[in-house]
Amino acid sequence: MSAKSPAQGDSRWPKDRLVLRSRRVRDEHLAAVLRGEEFLLFDGAMGTQLQARGLAAGELPELLCLTNPAEIREVHASYVSAGAEVVTTNTFGANAAKLGDAASVEHVFSAAVACAREAGARYVAADLGPTGQLLEPMGPLPFDDAYDLFAEQVRAADAAGADLFVIETMTDLAEAKAALLAVRENSDLPAFVTMTFGEDGRTFLGTTPEAAAVTLSSLGADAVGINCGLGPAAVAPLVKRMLPWASCPVMAQANAGLPHVVDGVTTYDVGPEEYAAAVADMLDAGVTVFGGCCGTTPEHISRERELLTGRMPAARHVHDSFAVSSAQAICSLDYGQVGVIGERINPTGKRLMKEALRSGDHDYVMNMAIEQGRAGAQILDVNAGLPEIDERAVMCQLVSELQGVSTLPLQIDAADPAVIEAAVRSYPGKALVNSTNGKAQTMADVLPIVKHYGCAVVGLTLDEDGIPATAEGRLAVARKIVRECEQLGIPRHDVVIDCLTMAASTDQTQPKAILDAIRLVKQELPGVRTVLGVSNVSFGLPFRPLVNGTFLAAAFSAGLDLAIINPCLTRMMDVVDSWRVLSGEDESAQYFVANYAERSDRSPAQALPVEKAAASSAAASAVTPATPAEPADPAARARELVLAGRKGPMPEVVAQVIAEHDPMYAINEVLIPALDVVGERFEKGVFFLPQLMASAEAAKAGFETIKAAVDASGQGDNVPEKGSIVVCTVHGDIHDIGKNIVRMLLENYGYNVIDLGRDVPPQVVVDAVVKDHVLLCGLSALMTATVPAMAETIELLRKEAPWCKVVVGGAVLNPEYAEMVGADFYAKDATETARIASEVLG
Amino acid sequence: MVESYAIDSIDRSEVLRYMGYTGQSMSSELEGRINANMERCLSIGVPRGVWRIFDVDGRGAKEDGTPFVRLAGTSLELLGTSMQKHMDGAVAVGVMAVTVGMGVERELRRLSLTDRVAQVVFDAAATTLVERTADACEASIVAAGHERGLFANFRFSPGYGDMPMATQPVLLQALDAQRQLGITLTDTLLMVPTKSVTAVVGLFETIQPSTHASCAGCPCFDFCTIRPTGHTCRG
């Protein structure tokens, strides 16, 4: 389930000769195209032409390269005579996964390139379409497997004599990235990448044109653009949004409008003239590579040819803003704008975060991401640096899981270059790498990774001699870093210098030196951005937030671009928001007025951090008259809250229970008995599923309060461990609701639940069971098709972990099935699982 | 045909039914959470569908005895006794795929990591929404059949009866559903986005017993394009 990454030291690209390596470009015209100085015209639709010639729906059109090459040649030749310079091979779905046993990738590509060549193409573009499977984390296909499928195609196409690659109809930025890396690392031919957008201006997976342009052009695409999905008039505004963000030529291959079925034949509604009019519009805007997609014909291409003849590419303006991107959206800063990087996903000095990373319970981390986003973070720092965990694996897992809960771009924060590379390789976007510094070795380790994966990078102003005491010394290090970046081809707007905050209490000259350094870097190295983690400045002083806020304001004034802070601290965001008014970034103070009109210093409650404010409002709502009459005894109230499924007031009420009794009383006499009642009610049908779960959720809030109290009092040993249970949905199955319900209930009963997620291979289950000598394993399957995977998992468990009992459940299972797959227990629902757990583990 | 459907409500009682509701009394707090998740599902969901009609080209049995219905102009074959019965006498077959989109999938993923109560409710709402989307797509097929003077039965999906799941890849390919709707398949033939439906509808020269006797109870009622013309799909 977690993102796989290449094994340690197993880089797929030659770091030493990477940067100066040039593309193998067929001739001067193509070279001029890559520089954006000349136009290039691709061909039009292949599929539509084949259907018109009677290809049956559902057949693999790629096989025609082998079975009926004359037909394919004819279609190609018709586009060549229409004026197309590039012929796209008929290999859209020619990957090993789709071809299966029908043909080998090598054969198809070799036949397809030959067809294109024989048709008289000036350039042959090897076509790479999507794999057909969805990548992790939303789908089951690991990034590396997608990469391998593409790499096989790339090697075959290069060997067959293609002139360039066109990666097209991509809707998943991760998949586009896998394909582009596969080209970069297995060939030196140019690669053009186009993605497909819907009317809402996003791909099916939610990528915007800006995010595609920023990510793919940074990653070294030779052209980026849009194909398929929409007609030319709808593509035009989207491709124009790409133009300012692409540091390479931009291309457009629209459909001939929308398909209609007339007398059983699919036809498209945009004719050559109308198509050409929209192309003219894109041409004026600066698009330089054209062609057609579904429904276009040689006539469409011929009209485009006429349009291009005698024209020169229009002038383009490409932003030099700092920009990073997630799969969904970019975060960009123009000169004069300031940004916030959320610092909280970092275990350093944070007990709960440490615990969450150690135990692999990432709920805490995910909620931290959501909270920071709500509070105004624009980029999230992610650091998994704990000596006792596998930093590389945890980092990759966090990066993957964070994509599910946040659309903010990530700052990959690690000291080990191998960790950085593993994380940025499969990251579907343009990440900010934190960090390099001025040490020769560090730069040699980190900067090639930054360049190869098209990232932005933080450069710390320290080197072999430590942190310079003066502003000039820091500038000198910054200069060194920028020079090294530029030599590798990393542009200045991708370099962010951190002048390193030092404590004012140890050296009062430092704050000024830091501010001067920021000023100097911005002055002497125009284009470069600055970043600062501010909170160290107040180390050793009382009332630290005030000092931090003041220092942040001063740093903004000195020219700071990005602040690494805890955005959930109101005081810090107050400084950011008010600075944006003073700097003019918040135009007409619109945001400020909308959000601060009600604020004043008189009400201390409003100066509380977000979480506390939320807690106090929840506490307030607990006593509103709308709440039914509640018993005065806290223990009775806690029981009531569990039964009613209300988590809001729980922490406060449980705190009272603990104060009157003790933690064990709260667990054994209050929460567990209440949960037993809930379970009974569910059995009898008095409660239905969401009620069971809301009760479990309320109880969980209670358990968390108890745990925090016990931890704080140092009496952790008094709470007995109830044992661990591994749960997951079996390999091949992607439904996780049932498993999540079971997990919730088991956690409530005090078990340590090791949740491996969904689609989990048997060996991963066994490894987890063996690692902690776990006595009970719960497997869930929802589809008949995945029951064999369940049997396979159990068989492997019997062999390698014979001590472990297995309980199974899921929509398709029944007691007979459970016996058939070799399970020890069948559980029809979550409460049954909890009973079985108590039988096995006590 | 690729279509988008305007669906602005989902049936609350159906959402509750998916969660095992049998009339339990619930707190206003839980009611509020259910309503909020239904609304969120409607706002995130993008109900879209693609369908085509293929003429029946022949019937028979494979070497192993499995009955098949062959369709003209596609490599899609309908296998099994369920299909033999469902398409008995059909002259054409409507083939459809619908989805409510990757946004819903992403939200389910987010909730599975952050709020498992909401995940259960949102999942039930999304299931209701995709079934509603399938109703809309089916209505288009019924209407297209009506234009040709044909009568529809009702939609039937791979995985039910003995209609093999292995139908999925060819069916999706025949509709170009990955390109048109973004539907992908796992190795185990599950669709992603998971809130997607594929199905086939039989089209006949005679009215079918399964046809709704009146428009009132018809699942396609809200999406029907025949009624406004003064006709019904019954003739």
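Is I737(A) buried or exposed? In this predicted model, I737(A) has 22 C-beta neighbours inside 10 Å and therefore counts as buried, the threshold for that class being 20 or more. The residue belongs to helix α28 of chain A. Apart from its neighbours within four places in sequence, I737(A) is in contact with Q119(B), V120(B) and D123(B).

Chain A contributes 50 residues to the contact between the chains, and chain B contributes 47 residues. On the side of chain A that touches chain B, at least two residues come from each of β8 (259-262), α14 (363-375), α15 (391-405), α27 (689-713) and α28 (737-748). The element that gives the most to this side is α27(A), with six residues. By class, the residues that chain A presents to chain B comprise 28 nonpolar, 15 polar and seven charged.

In chain A, an unreviewed entry assigns "domain: Pterin-binding" to residues 338-583. This stretch of chain A is 49% helix and 16% strand, and its end C-alpha atoms are 9 Å apart. In chain B, an unreviewed UniProt entry lists residues 92-201 as "domain: AdoMet activation". Here the chain is 53% helix and 18% strand, with 9 Å between the end C-alpha atoms.

Helix α6 of chain B, residues 167-174, is mostly covered, since six of its eight residues are buried. The buried positions in α6(B) are T167(B), Q168(B), L171(B), L172(B), Q173(B) and A174(B). An α-helix has 3.6 residues a turn, so residues three or four places apart point the same way. The partners against which the buried residues of α6(B) pack are β5 (92-99), α7 (177-181), β7 (184-185) and β9 (196-204) of chain B. After α6(B) comes D176(B), which has a positive phi near 55°.

Returning to chain A, how does helix α4 (residues 69-82) lie against helix α12 (residues 298-308), and at what angle do their axes cross? The two axes come within 8 Å and cross at roughly 25°. Because angles under 35 degrees fall into that class, α4(A) is roughly parallel to α12(A). The crossing is right-handed. From α4(A), the residues S78(A), Y79(A) and A82(A) meet P298(A), I301(A), S302(A) and R305(A) of α12(A). This contact of α4(A) with α12(A) has four nonpolar, two polar and one charged residues.

Helix α4(A) also packs with helix α6 of chain A, residues 105-118, where the axes come within 8 Å and cross at roughly 45°. At this angle α4(A) and α6(A) are therefore oblique to each other. Their crossing is right-handed. On the α4(A) side the contact is made by P69(A), I72(A), R73(A) and H76(A), and on the α6(A) side by A111(A), C115(A), A116(A) and E118(A). The residues joining α4(A) to α6(A) divide into five nonpolar, one polar and two charged.

Definitions and conventions: Residues numbered from 1 in each chain as written. Chains lettered and ligands numbered in written order. Predicted model: local features only at pLDDT ≥ 70, side-chain atom pairs only at ≥ 80, totals over all residues. Contact = placed C-beta atoms within 7 Å. Helix = DSSP H or I, 4+ residues; strand = E, 2+ residues; numbered from the N terminus. Nonpolar A, V, L, I, M, F, W, Y, C, P; charged D, E, K, R; others polar. UniProt positions renumbered as here; feature names shortened; annotations may be inferred. Buried ≥ 20, exposed ≤ 12 C-beta atoms within 10 Å, placed from the backbone. Axes fitted to C-alpha atoms, helices over the stretch in contact; angles between N-to-C directions. Parallel < 35°, antiparallel > 145°, perpendicular 65-115°, else oblique. Left-handed = near helix turned anticlockwise from the far one by under 90°.
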